[in-house]
Amino acid sequence: MDSLILNQSLEIYGQSLVATCQLSSLTSEALSLLKKGWSHIVVLNQEGQPQGLFSARSLLNWQSSSDVHVFTAPSVTLDDVDLEPLPAIAMSMTVADLLNRISQYRHSAENWALVDDRGNFTGILEVSVLLKALLQMEMNQSPSIASLLLPLVYQFPLPVMLRDDQGNIVGMNAAWRNSLHTSLPSNPLNTAEPNAEMMLEDRSQLLAPTIPFTHQFCTTDGESFTWQVVNVALHGSLQGLELAIAYDITAQKNLAQELSGLSRVKDEFLTCINHELKTPLTSVIGIASLLSNSTFGELNDRQSRYVKMIHQSGRQLVSIIDNIFDLAKAESGQLELYTEMVSVKEVCQKSIQQVKKLVQQDSTIFRNYTFEEGWELDIQLDIEATVQTIVADQTRLQQMLVNLLSNAFKFSFFPSELVDDLPPIPPQIGIKVRWWEGWLALTVWDQGIGIPEEKQCLVFQKFQQVENVLTRRFEGTGASLLLTRHLARLHGGDITFVSQVDVGSQFTILLPPEPNSPVRQSKLIDASQQQIPHSQSRLVLVVETSTEAVELLRSNLTNLDYQVVIARSGTEALEKARRLQPCLILLSPDVPMLSGWDVLALLKGDSVTRHIKVVMMKRADEPKIHTHQADGILLKPIKPEELNKFLPYYPSIPKSFKIIYLNQNIADPYLHLLQELGHSLIEADNLQQGEVLANIWQPDLFLLDGDSQFLLDHLEQINHLERISDLPILLITKSVIAEINWLQSRFNKLSLHDCVGLDLTTSDRATILLALHQGIMTIVSRTTPIQV
């Protein structure tokens with residue numbers, strides 16, 4: 001037998017979870033422990049030293065003579081009972097020492113007591129179990145490299161077990177043997193259900209972890225324990241071995257159950273508050289409305305003003321209750337979306353009208369500021385022509401815009417514009433809607449007071465406001481922005497913002513725009529299902545808390561035709577990186593919640609984000625890090641020429657293209673739509689003239705329509721032309737959609753594409769416009785050469 005096994009400490013094989021009794025205890029107490037399932041009880045003296053074993057055999061001589069069928073425990077102490085012998089041996093002794101001692105006696109005891117240096121009992125050692133374990137290790141003894149690992153296993157403080165790829169145990173430490181060896185099934189990794197909520201990160205290249213599982217068991221005295229076991233396959237020279245490590249998560253599980261109960265109580269409380277508060281508020285608002293309409297008689301100016309204040313305050317309180325209730329449902333995953341195809345322009349216009357109405361009803365506005373008579377809030381709306389529809393919950397989308405517009409209006413006034421002889425400058429706010437690299441971006445902007453740099457990281461925290469709670473001029477709980485972010489993420493998107501003091505703020509909601517995007521209800525959409533092709537992305541994520549640095553980077557990147565998303569904490573950066581899949585992440589080490597270096601490690605350890613290029617931004621006086629996973633390091637202040645080295649170079653795709661087509665080939669409605677999208681049209685009488693015009697005007701696309709025979713004839717001719725054959729060719733014939741694969745295989749030298757969704761007879765104008773725009777953008781972006 002391997003000397004390494006013989007030199008193991010007996011403590012490894014000891015069982016510390018045993019039943020014990022004092023020598024002065026009554027036999028009835030020991031008998032009650034036997035009834036609970038213990039096979040024997042260790043009897044100790046007052047000093048804690050083992051005196052013997054009490055078992056059922058110890059009671060054979062105490063059979064009652066009065067009734068042979070009923071056994072009665074004697075009312076004597078264990079000191080008067082013949083106990084089974086229990087020899088003691090020091091737990092520091094080795095397996096070889098025990099085997100040597102056993103060999104010296106002809107009739108050795110089956111059980112041995114393990115004692116410490118003072119002779120106090122620490123555990124029991126079953127000789128048969130020890131011999132079986134030694135025999136098993138001898139039969140399944142691994143190569144010498146595995147033997148070198150066993151001493152580390154034995155000394156590990158957590159329960160650890162080493163096994164081969166056949167499931168045979170190679171070795172285990174005392175903690176595993178005492179806690180899990182007898183309670184786990186023979187092959188727990190195949191019989192236990194994995195705990196999907198507790199995933200293990202890939203922390204090194206050497207270890208390849210699998211999904212951990214949990215195992216719960218109860219001791220004989222009824223106490224429950226829950227263990228989480230992580231199985232790790234070893235690589236390299238240890239190939240074929242698996243290491244199982246167990247963690248006692250009993251406290252965490254109990255805490256989770258308590259928190260779940262508290263969460264349920266909170267939900268019930270909010271539901272009760274929502275009902276009990278809104279019911280009387282509805283009555284107050286209704287009565288105030290009746291009074292303001294002079295239903296019960298005319299009111300004087302003072303009474304009318306007070307009634308309006310009551311009505312407006314009631315509506316304000318109802319809005320606050322609704323926001324808090326929605327936020328609670330969103331955080332608990334109970335908020336559901338009811339998605340449909342909605343018009344983006346219509347939703348924006350309804351949101352603007354709703355905010356205007358709220359402003360007119362808000363007496364706080366006219367109490368704090370003096371406006372000219374007949375003044376009405378002007379909210380600008382700028383929507384790109386190609387933005388038509390989106391799959392979303394119309395009510396929640398409007399709620400997000402109203403929340404952002406209300407905040408924009410509230411903080412568009414400067415403190416110097418308090419009530420004065422002259423009216424303040426009218427607030428400048430608006431909505432801008434654009435395409436952002438495959439995302440629909442709805443930006444609400446203002447030119448107000450802005451958000452101080454030190455408070456920008458608190459914007460999406462609960463019940464936070466820019467104004468001081470004691471001196472603020474506008475009501476609110478500070479929950480609207482957090483609720484807006486929850487709603488955006490529930491749609492599969494996110495929200496970002498930039499802000500400068502005395503300049504203004506811009507809050508941008510990013511939503512997946514395609515009508516066929518799989519928007520899931522009541523849960524977040526996985527970023528991998530929504531991301532646009534990474535090779536085409538011009539989206540850059542900047543993780544920075546300094547307003548000056550953010551504005552500088554944003555300005556430089558915008559000038560290079562990149563879209564910028566801002567994150568101001570480590571956790572926010574991780575969430576945005578997973579959802580938005582940017583082409584580049586500029587990461588500062590000094591961010592709250594998680595440091596930049598921790599964020600870097602998590603990004604590179606996640607299969608969803610590890611492909612994203614991450615560049616650290618650090619100061620020159622910071623200590624140099626020699627080992628890291630970053631794709632590069634930039635020193636602050638960042639110079640544009642240094643930044644350009646890390647930007648993937650994508651030639652800018654113009655918003656309008658030059659499109660060549662044949663006379664009498666394309667229907668007039670399509671030509672009108674192309675002109676409305678801003679494209680330049682070049683008409684040719686035939687393909688020969690088109691070849692000449694293509695050499696002169698250098699068009700971006702060739703448009704072709706017609707039946708199958710027409711397409712075959714013209715594509716055959718185009719195949720022999722030099723200039724037009726190099727152009728991407730868009731086929732807009734409805735009937736050719738099913739034949740596009742066959743045409744592409746026949747004319748494999750031509751770049752043929754179809755445009756799904758173009759049907760003038762059944763599709764509405766907005767659908768045709770969107771399909772035409774997306775088809776052209778997709779074709780040109782695919783055929784534009786990309787360099788990195």
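Helices (H or I, at least four residues) and strands (E, at least two) are DSSP runs, numbered from the N terminus. With that in hand, select Val 129, which lies in helix α4 (residues 127-139). Before going further, note that this is a predicted model, where local features need pLDDT of at least 70, side-chain atom pairs count only at pLDDT 80 or more, and totals for chains, interfaces and linings use all residues. Residues are numbered from 1 along each chain as its sequence is written, and side-chain values use heavy atoms, with hydrogens and water left out.

**Stop 1: Val 129**

Is Val 129 buried, partly exposed or exposed? Val 129 counts as partly exposed because its relative accessibility is 35%; buried means under 20% relative accessible area, exposed over 50%, and partly exposed in between (1.4 Å probe, protein chains only).

**Stop 2: the whole chain**

Zoom out to the protein chain, with its 23 helices and 29 strands. Of its 788 residues, 46% count as buried. Contact means heavy atoms within 4.5 Å. Among the chain's contacts with a separation of 6 or more, 66% are between residues 24 or more positions apart.

**Stop 3: a three-stranded sheet**

Next, select residues 19-22, 41-44 and 50-54. Here an open sheet of three strands runs in the order β1-β2-β3, with mixed pairing; two strands pair if DSSP finds at least two bridges between them. At the edges are β1 (19-22) and β3 (50-54), each pairing on one side only. From one strand to the next, the twist averages 30°; axes are lines fitted to C-alpha atoms, for helices over the stretch in contact, and angles run from 0 to 180 degrees between N-to-C directions. Four bridges connect β1 and strand β2 (residues 41-44) in the parallel sense, and Gln 22 stands opposite Leu 44 in β2.

**Stop 4: the rings**

Which residues form the aromatic pair that is stacked? Select Phe 497 and Phe 507: their rings are 4.9 Å centre to centre, with 15° between the planes. Rings of Phe, Tyr and Trp (its six-membered ring) pair if their centres lie within 6.5 Å; planes under 30 degrees apart count as stacked, over 60 as edge-to-face and the rest as tilted. Phe 497 is in strand β18 (residues 494-500) and Phe 507 in strand β19 (residues 504-511). Both Phe 497 and Phe 507 are buried.

A charge sits over a ring if NZ of Lys or CZ of Arg is within 6 Å of the ring centre and within 35 degrees of the ring normal. For another example, the charged end of Arg 538 sits over the ring of Tyr 562, 4.4 Å from its centre.

**Stop 5: a five-stranded sheet**

Here five strands form an open sheet with parallel pairing, in the order β21-β20-β22-β23-β24. β21 (563-567) and β24 (632-636) each have a single partner strand, so one side of each is left without a neighbour in the sheet. The twist averages 25° from one strand to the next. Now show helix α15 (residues 547-559), which packs on the sheet and touches β20, β21, β22 and β23 (613-619). Helix α17 (residues 596-604) also packs on the sheet, touching β22 and β23.
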